[in-house]
Amino acid sequence: MTLHPGLEQRHAARERTILDRTSLDRTSLNRASLDPIQRGLLEDEDWYADLAERTQDLLCTHDLTGRLIAVNSAPARVLGYSVEELLQIPMRELVAPEFRADFDTYLTEIARSGEARGFLAMKTRTGERRIWRYYNTLRTEGLNSPIVRGIAHDVTEQMRAEKLLRTATEGPLSEVRESDLAIRKLKLFQTLVDQSNDAIEVVDPETLRFVDANEKACSALGYSREELLSLAIFDIDPAITESSIPEIKDTLRKSGSLVMRSVHRRKDGSTFPVELRMRWINIHRDYVVTVARDLSERHQAEKRLREYERVVEALDEMIVVVDRDYRYVIANRAYLNYRSLKREQVVGMRVDEVVTKEVFDSLIKGKMDECFRGKMVAYELQYTDEKLGERELSATYFPIDGPDGVDRIAVILQDVTEKKRAEAALRRSEENYRLFVTQSSEGIFREDIDEPVAIDVPEEEMIRHLLLDTYVAECNDAMARMYGFTSAAELMGKRSSEMVPPQDPRNIEFIREYIRSGFRILDRETHEVDVHGNHKVFLNSMIGIVESGKLLHTWGIQRDVTEKVRLEESRRQAEEALRENMAQLQGISEELRQAKEKLSEEKIYLEQAIDTELGFGEIIGRSQALKEVMEKAAKVAPSEATVLLLGETGTGKELVARALHHLSRRKDNSFIKLNCAAIPSGLLESELFGHEKGAFTGAVAKKVGRLELADGGTLFLDEIGDIPLELQPKLLRVLQDQEFERLGGTQTLKVNFRLLAATNRDLAHSVGLRQFRSDLYYRLNVFPIRIPPLRERREDVPPLIEHFVRKCAARLNKSITSIPTKTMERLVQWAWPGNIRELENFVERSVILTSGAILQVPLGELITQPEERNSDTLHDKERERILRALRDCHGQLGGPHGAAARLGLKRTTLQSKLSHFGINPGSYRA
């Protein structure tokens with residue numbers, strides 16, 4: 001006999017009640033204090049406990065690993081164990097070996113579905129097999145871990161009796177059983193047909209009318225069973241026509257089955273798509289059994305699937321779906337692009353065929369298995385890709401339930417490599433920022449408001465909030481030191497009004513400007529006090545953080561400019577004092593301005609005087625010889641040709657040179673003069689070329705030479721015949737290449753100047769005596785001009801005398817109006833070996849000696865020596881004249897009464913001539 005299902009349910013309920021109630025501590029209850037209902041419950045509890053102890057059925061509780069938690073005593077006795085022994089033995093060891101596989105299946109089934117029933121063979125202590133029919137359920141509510149509670153009935157003796165009965169009545173009962181089985185199968189089939197989710201219709205292939213239909217077919221079409229059986233297929237399927245029937249029948253006869261899609265029409269006229277699975281069967285006659293499945297939901301599902309695929313394809317995240325064989329079912333565009341693969345290279349392939357097997361086994365498979373067990377899995381993995389290099393992915397696995405549990409998982413992948421790198425860079429940046437804030441010399445702070453303030457409140461209210469309702473929420477040590485604290489921790493939390501006097505109008509205006517500028521302000525002063533009460537001035541730059549229309553806090557950078565402001569105040573006071581002093585000096589400035597104007601006028605006068613002196617206007621004379629000199633000078637002056645001025649001493653060679661410069665294109669540039677006879681030969685090179693610092697002993701600074709000074713202008717070398725022979729090649733190179741180097745220098749300097757040279761020597765004769773280089777002579781002798789001596793142009797003497805008289809008289813503040821005729825005749829007849837310079841000096845002596853308006857001339861000095869008349873050459877005449885002057889002056893060279901003044905020569909020129917003639921002036925001194 002079999003256990004009735006209702007009895008099984010009652011056994012299970014009873015077991016749950018017993019096991020639940022036996023866990024109560026009944027001794028803790030005071031029954032006397034309970035009401036009748038509670039006492040009744042406790043009495044029922046005792047009754048159930050007695051029933052559990054006396055029943056012969058197995059009542060037990062175990063976990064999902066097969067470990068017994070609780071069991072009643074009756075079955076323990078049947079198996080030959082005590083309850084305590086039975087609780088120590090794993091259930092699998094109590095099961096007969098041939099049933100242990102069934103026991104493992106039982107544990108899996110009850111964990112999955114929550115209940116299980118069947119037969120198991122148990123071993124007693126003596127090894128006997130006992131057959132138990134069980135019915136167990138899974139409990140999870142209110143428990144930390146699920147448990148199984150169940151009831152089992154020993155059917156060993158029952159099954160033995162049934163076996164004996166079958167043996168005795170096997171023949172008659174066999175037919176009965178077969179008939180009963182057929183009836184049961186028919187009923188079961190009818191039940192299955194009626195319970196089917198698909199519409200099942202039986203059609204007569206000859207009349208095409210319905211023979212039978214299940215409840216699903218009637219409800220789907222909206223007909224009752226009687227109404228549907230009165231219809232033919234044309235009434236519900238408008239897609240099937242008279243012409244299509246023969247083809248359908250032929251296909252069914254040949255193949256026995258046919259699958260097609262069509263449309264069914266409901267009683268109300270609406271239609272819906274269906275999939276028809278038809279089979280031709282014969283049970284005493286031919287029938288067509290049709291299973292019609294409503295495709296409406298499938299079409300909607302397919303539509304949703306297409307929408308889902310479009311959404312998935314549009315996502316930037318990589319999405320794939322993997323089945324239990326670890327094969328790709330779906331892979332979206334983002335994943336394919338990331339892997340640089342085509343869809344056919346992924347879909348249908350195993351995961352370890354797309355990624356490496358090592359990566360799959362070590363990083364992926366375990367997580368997928370965990371998801372297949374029904375758990376959502378999220379983790380990050382790092383691996384090396386052959387194409388992409390080191391990568392880091394964020395992976396999330398979602399289980400997808402199928403008919404038999406989780407059969408697929410959806411995988412969402414996101415490459416977070418750049419994100420991680422950015423986060424690492426951000427962390428480094430934050431560390432650097434914190435280091436910067438910590439080590440910055442400027443104060444960095446954040447001020448928070450007690451409560452966020454709407455930015456559209458009235459301005460005066462916002463000023464009050466910012467001055468009175470703020471505090472220092474964050475700052476660095478530099479900020480704290482500005483207020484006299486030792487660390488930021490001491491300043492944080494302080495009210496801003498403790499440092500910023502809210503009544504100071506300057507601070508009020510600062511806050512007002514901060515508000516009006518949109519909570520952004522740059523380099524504005526605030527006047528505050530430190531912890532010791534000292535007045536401080538800070539330069540603040542601040543920006544407010546506004547969210548949802550409310551000001552939350554302010555970030556700022558602050559510099560202490562107290563000392564700077566004090567210095568500026570001191571400077572302001574000094575400037576004020578300076579302005580007062582300047583006011584006092586305005587009078588002096590006016591006097592200076594007037595003096596400057598006077599000096600400017602004098603300068604203009606002097607420039608005009610110099611121009612007159614250096615121009616042709618200062619060359620006095622009307623002789624033909626002088627006119628010829630002037631004509632030559634006027635012709636050669638505009639050119640760049642080198643001019644060699646020849647003539648005796650005192651003939652005016654320098655004056656002609658200055659006139660040439662004044663008439664040339666270089667007149668606006670410098671006129672540089674150098675007397676080669678007046679400078680010692682050792683210093684002449686330095687004077688001409690310049691020198692670098694340290695070029696020789698005593699060269700303590702760089703010196704610019706005359707050549708460099710004359711760049712762009714005119715260089716006049718007087719007495720060029722006296723230039724040392726060893727210096728002549730260097731001068732020749734400058735004249736040819738227009739370049740030179742300073743003494744002690746390595747840099748070649750380019751110059752552009754015009755050379756004018758003068759000499760009183762016969763250079764051609766010196767070339768013959770090898771005292772002057774011929775190549776330099778030819779380079780200088782481009783355009784020679786001979787300036788005649790005064791004795792060759794005696795008609796120029798009178799105007800010269802008149803000019804010098806006027807010039808000297810004006811300088812000496814005398815008025816000389818006439819020159820005696822005999823005196824003029826005598827002066828014209830004199831040879832004037834010193835030429836114009838001798839004449840000028842003689843006239844100056846005469847003006848000095850004159851006391852009236854008539855020039856008084858010392859004619860006694862003009863006595864001609866006999867030997868001079870007998871002299872044959874100019875050289876001898878000049879030597880004799882110098883000897884006579886030395887005798888008259890007793891060997892004195894300089895001074896107003898010296899030989900140089902008497903001869904009308906410069907002292908340096910006289911010294912050069914003494915050396916040239918071999919005369920020792922010391923032998924004439926008394």
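Mentor: With aromatic pairs: rings of Phe, Tyr and Trp (its six-membered ring) pair if their centres lie within 6.5 Å, and planes under 30 degrees apart count as stacked, over 60 as edge-to-face and the rest as tilted. Ring pairs of this kind link Phe-103, Tyr-106 and Tyr-134 into a cluster. The model is a predicted one, in which local features need pLDDT of at least 70 and side-chain atom pairs count only at pLDDT 80 or more, whereas totals for chains, interfaces and linings use all residues. Residues are numbered from 1 along each chain as its sequence is written, and side-chain values use heavy atoms, with hydrogens and water left out.

Trainee: Why is the pair of Phe-689 and Phe-740 called tilted?

Mentor: The angle between the planes is 55°, with 6.0 Å centre to centre. Phe-689 lies in helix H25 (residues 681-689) and Phe-740 in strand E26, 51 residues apart. Phe-689 and Phe-740 are both buried.

Trainee: How do you know that Lys-730 lies over the face of Phe-689?

Mentor: Lys-730 is at 4.7 Å from the ring centre. A charge sits over a ring if NZ of Lys or CZ of Arg is within 6 Å of the ring centre and within 35 degrees of the ring normal. The charged end of Lys-367 likewise sits over the ring of Tyr-379, 5.2 Å from its centre.

Trainee: What makes the contact of Glu-739 with Lys-750 a salt bridge?

Mentor: The closest N and O atoms of Glu-739 and Lys-750 are 2.6 Å apart. The term requires a side-chain nitrogen of Lys or Arg within 4 Å of a carboxyl oxygen of Asp or Glu, so the contact qualifies. The pair links distant parts of the chain, with Glu-739 in strand E26 (residues 739-741) and Lys-750 in strand E27 (residues 748-750), 11 residues apart. A search of the whole structure finds 57 salt bridges.

Trainee: Why are Glu-739 and Lys-750 assigned to their accessibility classes?

Mentor: Buried means under 20% relative accessible area, exposed over 50% and partly exposed in between (1.4 Å probe, protein chains only). Glu-739 has 17% and is therefore buried, whereas Lys-750 has 59% and is therefore exposed.

Trainee: What separates Asp-250 and Lys-254 along helix H12?

Mentor: They are four residues apart in helix H12 (residues 245-255), and so about one helical turn separates them. Asp-250 and Lys-254 form a salt bridge with the closest N and O atoms 3.2 Å apart. At 36% Asp-250 is partly exposed, while Lys-254, at 66%, is exposed.

Trainee: How do you know that Arg-421 and Glu-418 are partly exposed?

Mentor: Arg-421 has a relative accessible area of 44% and Glu-418 one of 46%; values between 20% and 50% give that class. Their side chains meet in a salt bridge of 3.1 Å, N to O.

Trainee: What makes E1 and E5 a pair of strands?

Mentor: Two strands pair if DSSP finds at least two bridges between them. Strand E1 (residues 58-63) and E5 have six, in the antiparallel sense, and Cys-60 has Gly-150 in E5 as its bridge partner. Eight bridges join E4 to E5, also antiparallel. Strand E5 (residues 147-154) is mostly covered, with seven of its eight residues buried.

Note on methods: Helices (H or I, at least four residues) and strands (E, at least two) are DSSP runs, numbered from the N terminus.
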